[in-house]
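Please look over the sequence and the structure shown here before reading the briefing that follows. The notes are grouped by topic and can be followed alongside the coordinates.

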Amino acid sequence: MPERRIPVSAPDLSGNEAAYVQECLASTWISSKGDFLERFEQGFADFCGARFAIACNNGTSALHLALLALGVGPGDEVIVPTLTYIASANAVRYCNATPRFVDILPDTWNIDPADVARKIGPRTKAIMPVHLFGVPAALDPLRELAGEHDLAIVEDAAEAHGARHQGHLVGPLGDVGTFSFYGNKIVTTGEGGMVVTNDLALRDVLRLYKGQGQDPGRSYWFPVVGFNYRMTNVQAAIGLAQMESVEAKLAARARVAERYRSRLDSRLTLQATSPGDVSANWMVVALLPGGGEAERDSVAALLAADGIETRPVFYPLHAQPPYLPHESDPGGYPVAIDAAARGLCLPTWGGLVDGDIDYVCDRLLAAVERVTA
Ligand SMILES: *Cc1c(COP(=O)(O)O)cnc(C)c1O
């Protein structure tokens, strides 16, 4: 057994989480109404500079709500990068619409605007940039395309709480933005999600669909088929406590990422952030030299034997069983296919000390040497 165990991520619940949950229990307001919900929503909206924030039960339903509110439905297409978590595409499918996949850029590994331009067609309704691993996507060319073709932009910011694009926090930079509060995300509520928007009409539709489609002015009257996507007051109590230290969390992650960079930059390729942007550093990801998936997995196995947990990068979505049969150009994603095969997510969380990071880097470089020798 290795003496050190370094998980790939670990939540920090050392603030007011327990106190607020206790307070929530004592109040008996443990379901989806209560003070903590309102305070969490308001606090989150203020944090990312959005007019409105709507809490929900996870980041996947946040995406589903965003697409529903924008009117995405049967026959529509939504442009999604192929290198992202499966939820980005599944939410499109929940609307009986079709994800149209695009390749990624070789530096930031985010949606490639030139490929987006090629894949816009008469059925395209929206573009979904994903701020992958916390690195902001190139929104300006996407906004231009959206303007020209009358498309909506849905930011999937599930991994990017606190990331900045040209000085602005991501989330409210398109029409609707979504976040996840899963246990390994930058801010967690156990399970949870948030939708942000600056548009009052969209806010109302988001609330409508989240709450079973109930008319806000008439109890038990349902103008649409909605969903029960509500967050509980208990989750919001945890979220409120998490937000009290969000700046400290981001600073700690920045310190961790910087140390990885100083140790690895000359040896391995790390995911890049565009000039003027600031990553939220959800995961530090390294591209291993040469080979592909088999070598990457051998390096991961050597690290596991050293007590270091890592994660492979996502498999490209266009090649996943639900989507491959509909794919007309499975070879059309060379950058994503390469990053997916060679990318390795390294332990990234605020509690890592410099000695942990140095240990990971030493073992990683040794493992790479052994596998590629
Ligand atoms: C985590 C994640 C989601 C989904 O969030 P859940 O809260 O797990 O439903 C969506 N998109 C991306 C890119 C994610 O990383």
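Which residues are buried on one side of strand 5, and which on the other? In this predicted model, A152, V154 and D156 are buried on one side of strand 5, while I153 and E155 are buried on the other, so that both faces of the strand are covered. Because five of the five residues of strand 5 are buried, the strand is largely enclosed by the rest of the structure.

**Strand 5 and its partner**

- Strand 4 (124–127) is joined to strand 5 (152–156) by two bridges, and the two strands run parallel.
- Within this pairing, A126 stands opposite A152 of strand 5.

**Helix 6 and what covers it**

- Helix 6 spans residues 139–149, and its buried residues include L139, L142, L145 and A146.
- These residues cover an arc of only 125° around the axis, which puts them on the same side of helix 6.
- An α-helix has 3.6 residues a turn, so residues three or four places apart point the same way.
- The other side of helix 6 carries E144, G147 and E148, which are exposed.
- The cover over the buried residues of helix 6 includes helix 5 (113–119) and strand 4, together with strand 5 and strand 6 (164–165).
- Directly after helix 6 comes D150, which has a positive phi near 55°.

- Four strands form an open sheet in the order 10-11-13-12, and their pairing is antiparallel.
- Strand 10 (269–270) and strand 12 (311–312) stand at the edges with a single partner strand each, so one side of each has no neighbour in the sheet.
- Strand 12 and strand 13 (residues 343–346) run antiparallel and are joined by two bridges, and P312 has L344 of strand 13 as its bridge partner.
- Helix 11 (residues 334–342) lies across strand 11 (284–287) and strand 13, and runs at about 50° to strand 13.

**The largest pocket**

- The largest pocket holds about 760 Å³ of space.
- Its lining is made up of 18 residues, and among these K33, R207, K210, G211 and R230 lie nearest the centre of the pocket.
- Two or more lining residues are given by helix 2 (35–48) and by helix 7 (200–210), and helix 7 supplies the largest share, which amounts to four residues.

**Single residues: positive phi and a buried serine**

- Most residues other than glycine have a negative phi.
- The position of Q212 is in the loop between helix 7 and helix 8 (233–244), where Q212 is partly exposed, with a relative accessible area of 37%.
- S61 belongs to helix 3 (residues 59–69) and has a relative accessible area of 3%; because burial means a value under 20%, S61 counts as buried.
- When residues up to four places away in sequence are not counted, S61 touches C56 and Y229.

Terms used:
Residues are numbered from 1 along each chain as its sequence is written. This is a predicted model: local features need pLDDT of at least 70, side-chain atom pairs count only at pLDDT 80 or more; totals for chains, interfaces and linings use all residues. Side-chain values use heavy atoms; hydrogens and water are left out. Buried means under 20% relative accessible area, exposed over 50%, partly exposed in between (1.4 Å probe, protein chains only). The arc is that of the directions from the helix axis to the C-beta atoms. Contact means heavy atoms within 4.5 Å. Two strands pair if DSSP finds at least two bridges between them. Axes are lines fitted to C-alpha atoms, for helices over the stretch in contact, and angles run from 0 to 180 degrees between N-to-C directions. On a 1 Å grid over the protein atoms alone, a cavity is a set of points where a 1.4 Å probe fits but cannot get out, and a pocket is an open set with protein on both sides within 12 Å along at least five of seven lines; lining residues have an atom within 4 Å of a point. Grid points are joined across faces, edges and corners, and a volume is the space filled by probe spheres set on the points.
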